[in-house]
Amino acid sequence: MNIKCLIGTIIEFCWNNVITFVPSRKVRCFFAHVCFAKFGKNCFLGIGFKVKAPWKVHLGDRVALNSGVFIDGRGGLTICSDTDIATGTLIWTMGHDPHSAGNPSYTSQKMIGKNCWIGACSQILVGADVEDFAVVGAGAIVTKTVGHGEIWVGNPAKKIANRRCTEHYQLDYRPFLK
Ligand SMILES: CC(C)(COP(=O)(O)OP(=O)(O)OC[C@H]1O[C@@H](n2cnc3c(N)ncnc32)[C@H](O)[C@@H]1OP(=O)(O)O)[C@@H](O)C(=O)NCCC(=O)NCCS
């Protein structure tokens, strides 16, 4: 294991097993400023939020990543401002090719737009983006890109509607003891 890989493993271990459980949002955010490629203003990181390769994750301002969310930065991940990602959601930027011998892995950069709402316990798989103002329903498995202002639900997720309001808004999510 080379030195970069070792440092990365230690950062991930410390975040996912210690820092994320510190019962102070300020402390968690302080370490996020150190570990993330970009950590915008007034982001919310819930207790138990987990991440892979935080040094490849760019967060805009006021992004809310609730308790139990997992994000995978290995392929490079950007989450734009005022996007709310609900409890238990998993966002992947790495996968395996099921058709090749040896289960080889591949990565893909992912972009989650601004003012999106990703419902609880959904999964955004490698290769799928979520464009500005989109909504993903609770429990959805997203395999393809969700278009601007669209609402997708189900497994595999499909479009059911357009969001009626697509005006820019700012999140101000600072719940007590979370
Ligand atoms: C996606 C969502 C925003 C849609 O809300 P809506 O526009 O008010 O939609 P409706 O409730 O009118 O539902 C429209 C249709 O989609 C279906 N549907 C809604 N949400 C669904 C979901 N998550 N999965 C599967 N189907 C869903 C409804 O059953 C309905 O189907 P029908 O037309 O056959 O009756 C909402 O249902 C949802 O999943 N919200 C996330 C909740 C959440 O995660 N909360 C915790 C964090 S705050």
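A: Here is a quick walk through the chain, its sheets, its core and the ligand shell.

Q: Experimental or predicted?
A: This is a predicted model.

Q: OK. How many helices and strands are in the chain?
A: The chain has two helices and 18 strands.

Q: And what radius of gyration does the chain have?
A: It has 16 Å. A compact globule of 178 residues would have a radius near 16 Å, so the chain agrees with that. The C-alpha trace spans about 50 × 45 × 20 Å along its principal axes.

Q: What share of the residues is buried?
A: Buried residues make up 35% of the 178.

Q: Sheets next. What is the strand order in the open sheet of five strands?
A: The order is β3-β6-β9-β14-β16, with parallel pairing. The edge strands are β3 (50-52) and β16 (141-142), each pairing on one side only.

Q: How many bridges join β14 to β16?
A: Two bridges, and the strands run parallel. Ile 124 stands opposite Val 142 in β16.

Q: What else does Val 142 touch?
A: Beyond its neighbours within four places in sequence, Val 142 is in contact with Ser 122, Gln 123, Ile 124, Leu 125, Ala 128, Val 136, Trp 152 and Ala 157.

Q: Which residues does Ile 91 touch?
A: Leaving out residues up to four places away in sequence, Ile 91 touches Ile 71, Asp 72, Leu 77, Lys 110 and Ile 124.

Q: Switching to the core. How many residues does the largest nonpolar core have?
A: It has 40 residues. Those with the most contacts inside it are Leu 65, Val 130, Val 136 and Val 142.

Q: Which elements give two or more residues to this core?
A: They are β2 (44-45), β4 (57-59), β5 (64-65), β7 (77-79), β15 (135-136) and β17.

Q: Now the ligand. Which residues are around it?
A: The residues around the ligand are Ala 86, Gly 119, Ala 120, Val 135, Gly 137, Ala 138, Gly 139, Ile 151, Val 153, Gly 154, Ile 160 and Ala 161. The elements giving two or more residues to this shell are β17 (150-153) and β18 (158-162).

Q: What classes make up the shell?
A: The shell has eight nonpolar, four polar and no charged residues.

Q: Back to β17 and β18. Do they run parallel or antiparallel?
A: They run antiparallel, joined by four bridges. Glu 150 stands opposite Asn 162 in β18.

Q: What about the turn in that hairpin?
A: Four residues lie between the strands, and Gly 154 takes a positive phi near 95°. Gly 154 is also one of the residues around the ligand.

How values were computed:
Residues numbered from 1 in each chain as written. Predicted model: local features only at pLDDT ≥ 70, side-chain atom pairs only at ≥ 80, totals over all residues. Near = placed C-beta within 6 Å. Nonpolar A, V, L, I, M, F, W, Y, C, P; charged D, E, K, R; others polar. Core = buried A, V, L, I, M, F, W, Y, C linked by C-beta atoms within 7 Å. Buried ≥ 20, exposed ≤ 12 C-beta atoms within 10 Å, placed from the backbone. Contact = placed C-beta atoms within 7 Å. Pairing = 2+ DSSP bridges. Rg over C-alpha atoms; globule rule 2.2 N^0.38 Å.
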